[in-house]
Each structure stands twice: as structure tokens, then as C-alpha cells.
Amino acid sequence: MRKTLIALAFLPLLAAPPAEAAPRLQWTTPCPDYGMSPSPTAGLECATLRVPLDYAHPGRTIELTISRHAATPGKRRGVLLMNPGGPGSPGLAMPAQLVQRMGDSGLPDAYDVIGFDPRGTTYSTPVTCGMTTSEERGAVLGPYANGPADVAATAAKARAVAEKCGNASTKDLLPHMTTANTARDLDRIREALGEKKISYYGVSYGSYLGAAYASMFPGRGDRIVLDSVLGPGGLDVRANQRFAEGFDDRFPDFAAWAAERDDVYHLGRTPAAVTAKFFELAAVRGPEFRSDTWNGLYDDAFFPALAREWAGTSRTAAGPLDGDNRAALQLQVICNDSNWPERIGYYQHAVERERAKRPMFGPATANVNPCAFWPVERAEPPVRVGGPGPANVLLVQNLRDPTTPLSGARETLEAFGARARMVTVDAGGHGVFTRENACGNEVVLRYLRDGVFPAADGSCQPGR
């Protein structure tokens, strides 16, 4: 199960200024392994690329680390960049994961598949906020608030985290950790690869990064796939509150699953009984129980561990990437990307509204976070998703996604207009491509591999 890390005035944005000469990438092996064994990047080659820290004032540079799985000679059609979301999630292993999961599909044969650690994370000039506790690292969301006093208490802690970010050793990098700059980095990677256009696959927050790239550089995208799609505002205050909508959409899947296995887990013989059990346990175990349950809804494969956790027979261990860097970059991008309300009263009112509307998780998603006290002003307007460009943006979306619910995907589809198509999958969980739904996988493969862009929006049924 995943930890609780959340896995934009619309003035013209600055495009990446023309590079004097695209640097040649020097590919080497082995790639960094994130301290894991076996290495998740085994079989890949890696390179580094210097990019401007501040594209508005080029001069100082930072380093990106990039990975590659080369296309099969004679079958190559281009380059496919991939991003796993976050923000803050490292991406060097994505080409190897694609080969592992879809190696027989012909897709890895057709592309040089490119992964990268986005600016600020892991092996690409990392940032820090100096957060030392799990509570600080999880400050971007929640905890569940039982009233205005809880919001005020959370605000004091959130302010302290924001101050840590503003005083950290990498504070000079902080203002430049944005989705717009990461999209510009994508274009620098394109230049360094010597490509006129790039194809792209991004999931979760990676969907917003891809939407930003397709909007800022519409002529430089080839085939664009956005999976588990955020709204056109990215991870703003509205997206945070939508997590409660996703919880409500998805929880019935787990309740039905657990009810069918009451003889094993003893959580209730009916979905209604399992739902009652949720509120019973939440009253005893506190806010963390609600967040852990939300994390357990990401994938059907997490249901057994979630049921054991409810039953008190297991706990979730932290992974090697659950440290300060990932949480710091996530917080920096989210807070830099959009305007967040600064009045504590806004969040107190929002919590009470969500308690009435979505009591299972709403008072957590509406609670205040460090973005309300952010120490720097945004350097530029949020990315405006949409605008003119080719019809080359494919959205794929589960109907019951706990993190990026369908309502946000519909808004992004509307923002792109005739440029986009959306295929929904009658399934729960976060992520469509490389999962169990054969129809969803085939829709993506037919586009990326074969160039078949849907003539209209469509849908996939369970198990097909």
C-alpha cells in the first residue's frame, strides 16, 4: 500500500528559449538503482542533461538523469517519454517496467522508451524541506479534522513545514520547482535526443504534466496519452478536495469485496456492514486509519492487505523512497503551481461543508496544508490547459478512481476540446494502462503502437 503522498490571469507562459546547441547525451550503464535489490533499472542505460534552473533567466543549471530502453532496430518509430506522477515520484525505472509488463505487445520495440527523474527528485538535483517526521512528510493532505479547532491545530503545523521549506538548504531552488518548468525540461530532453516530436505517457500527476506539455508545446507532441487524469487545474485546492469524491466512488468496491470474504476477515457480511465497520474503526483509530484506507483503495491487489490492517493483523512498512526528498518536491510543485487560499477560515468552512457532503474522507481533503503559508510567490501564472493544436491527446480513465475521479478527467477533456478523446473503463483503482483490463490496454496500445486515434469518446467494460 502507498503512503499518503498525493501513488494551474492566464497570461502567456514562457516557452523554453532555444538552446544554442542541443547537447549530445552520453549513455552509460548501469543506471542508478534507488538502493533497491534487485535493481528496478536493470537493463537500461542512463545519461545526464543540464537544463536551466530558471528558464526566464537562463544561466544557472541543474542536472536531470534520464534512462532509456532502445527500440528494436528496424522497428523504431520514435521516442516515448514516460512519467509516473507524484509529483515527486522518480521515473528512471519506467522503461524497464514497461518492458516487464508489455514486452510482448510490440510497444517497446517501436520506441526508444525514456524515463527520467524530474527536476528536484532523487538523481536529478534533489531538493529538500528538512522534514524529519512522517507527520511533516504527510502534511500535504489532512489529517481528518473533527472541527474548527482541529483545523487551527493543523494550520500551526502546516505553517512550520512551510517555514522549513523556505529555510532549507535548497531554498534557492524552491521557486523553480513547477509543472511549467518540468514541461520545459521535457522539451529540452526532446532537443537532446535530436527529435522533432516526442510521444508521451503520463499517469496521475503525470497526466497533468503531459497536459501542460501538450498545451505549451502543441507542435512538438506526437502521440500523447494521459492516464488517470487530473482536472485542468492540476493538483490545486479543488483537486485536493476531490480526493473525497474519489474515496466515495471507490469505497463500495472494497466494501463488496470484504463482505464476500467475511469468513476470512470478519469485517461485515454486507457492504453496509463493512461501511459501518469503517466508521466504527475510524472513531477508535483516528485520522491515520482513514488515510490508510484511502491508500488501500488504489488497486484491487491492495485489498487483502487493507482488510488485514482493518483486522489489526498487519501494518504498512515505509519504502526506500518515502523520505524527505519525495515529499519535499511534491509539496513544492503543488504549492508553486497554483493559488491556495490563505485564510484559515476558508479551510474551517470547507471542512464542515465536506463533513456534511462526504463524511468518510472529506474533512481530511479539505483541511489546511503548508501551501496556505507558502514562503514564495509564484513566478508566473498557472499553466492554461488546452488551446489550439493537433488532435493527438488520448485520455484513459477508470470510472471509480480514488485519487483522480472522473469529474476532473471530464474537465480536462472539455479544456482540450476537439484535440482530445477519452475512453473510460468500468473499473476501480488508480491507473488504466498495464493493468488488468484488456480493453483499456488495447486502446492505449492501438494509439501509441499503431497510431489508431479513437474517432469518438468510448468506454470499456469489466474484464474486457
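Contact here means heavy atoms within 4.5 Å. By that criterion, Thr 170 touches Pro 126, Val 127 and Thr 128, leaving out residues up to four places away in sequence. The model is predicted. Its largest nonpolar core has 107 residues, and the largest share of this core, ten residues, comes from helix α7.

**Nonpolar cores**

- A second, separate core has 25 residues, among them Met 94, Val 443, Tyr 447 and Cys 460.
- Leu 81 touches Ile 114, Leu 186, Ile 189, Leu 193, Ile 198, Ser 199, Tyr 200 and Tyr 201, not counting residues up to four places away in sequence.

**Helix α7**

- Helix α7 covers residues 237-260, which is 24 residues.
- At 1.5 Å a residue, α7 should span 34 Å, and its end C-alpha atoms are 36 Å apart, which agrees.
- The helix has a kink of about 35 degrees at Arg 250, shortly before the proline Pro 252.
- Most of α7 is covered, with 17 of its 24 residues buried.
- An α-helix has 3.6 residues a turn, so residues three or four places apart point the same way.

- Strand β4 spans residues 111-117, and seven of its seven residues are buried, so the strand is largely enclosed by the rest of the structure.
- In a regular strand the side chains alternate between the two faces of the sheet.
- In β4, Tyr 111, Val 113, Gly 115 and Asp 117 point one way, while Asp 112, Ile 114 and Phe 116 point the other way, and all are buried.
- β4 pairs with strand β2 (residues 61-69) in the antiparallel sense over five bridges, and Thr 65 stands opposite Asp 117 in β4.
- β4 pairs with strand β3 (residues 78-83) in the parallel sense over four bridges, and Val 79 stands opposite Asp 112 in β4.
- Ile 114, one of the β4 residues, is also among the residues that Leu 81 touches.

**Asp 222**

- Asp 222 lies in strand β6 (residues 221-227).
- The relative accessibility of Asp 222 is 22%; the buried class requires under 20% and the exposed class over 50%, so Asp 222 counts as partly exposed.
- Asp 222 and Val 79 are 143 residues apart in sequence, and their C-alpha atoms are 9.2 Å apart in space.
- Leaving aside neighbours within four places in sequence, Asp 222 is in contact with Arg 77, Lys 197, Ile 198, Ser 199, Asn 392 and Tyr 447.
- Ile 198 and Ser 199 are also among the residues touched by Leu 81, and Tyr 447 belongs to the second core.

**Thr 170**

- Thr 170 lies in the loop between α4 (148-167) and α5 (179-192).
- Thr 170 has a relative accessible area of 13% and is therefore buried.

**Backbone exceptions**

- Most residues other than glycine have a negative phi, and most peptide bonds are trans.
- A cis peptide bond joins Thr 29 and Pro 30, with omega about -5 degrees; Pro 30 is in the segment before β1 (45-52).
- Another cis peptide bond joins Gly 142 and Pro 143, with omega about 5 degrees; Pro 143 is in the loop between α3 (134-137) and α4.
- Tyr 34, a residue other than glycine, has a positive phi near 60 degrees.
- Tyr 34 is found in the segment before β1 and is buried, with a relative accessible area of 8%.
- Ser 204 has a positive phi of about 60 degrees although it is not a glycine.
- Ser 204 lies in the loop between β5 (198-203) and α6 (205-216) and is buried, with a relative accessible area of 10%.

**Annotated domain**

- The UniProt record, an unreviewed entry, places the feature "domain: Peptidase S33 tripeptidyl aminopeptidase-like C-terminal" at residues 359-460.
- Over residues 359-460 the chain is 25% helix and 20% strand.
- The end C-alpha atoms of residues 359-460 are 31 Å apart.

Key. Residues numbered from 1 in each chain as written. Predicted model: local features only at pLDDT ≥ 70, side-chain atom pairs only at ≥ 80, totals over all residues. Heavy atoms only, no water. Helix = DSSP H or I, 4+ residues; strand = E, 2+ residues; numbered from the N terminus. Buried < 20%, exposed > 50% of the residue type's maximum accessible area, 1.4 Å probe, protein only. Expected span 1.5 Å × (residues − 1). Bend = angle between axes of the 7 residues up to and from the residue. Core = buried A, V, L, I, M, F, W, Y, C linked by side-chain atoms within 4.5 Å. UniProt positions renumbered as here; feature names shortened; annotations may be inferred. Pairing = 2+ DSSP bridges.
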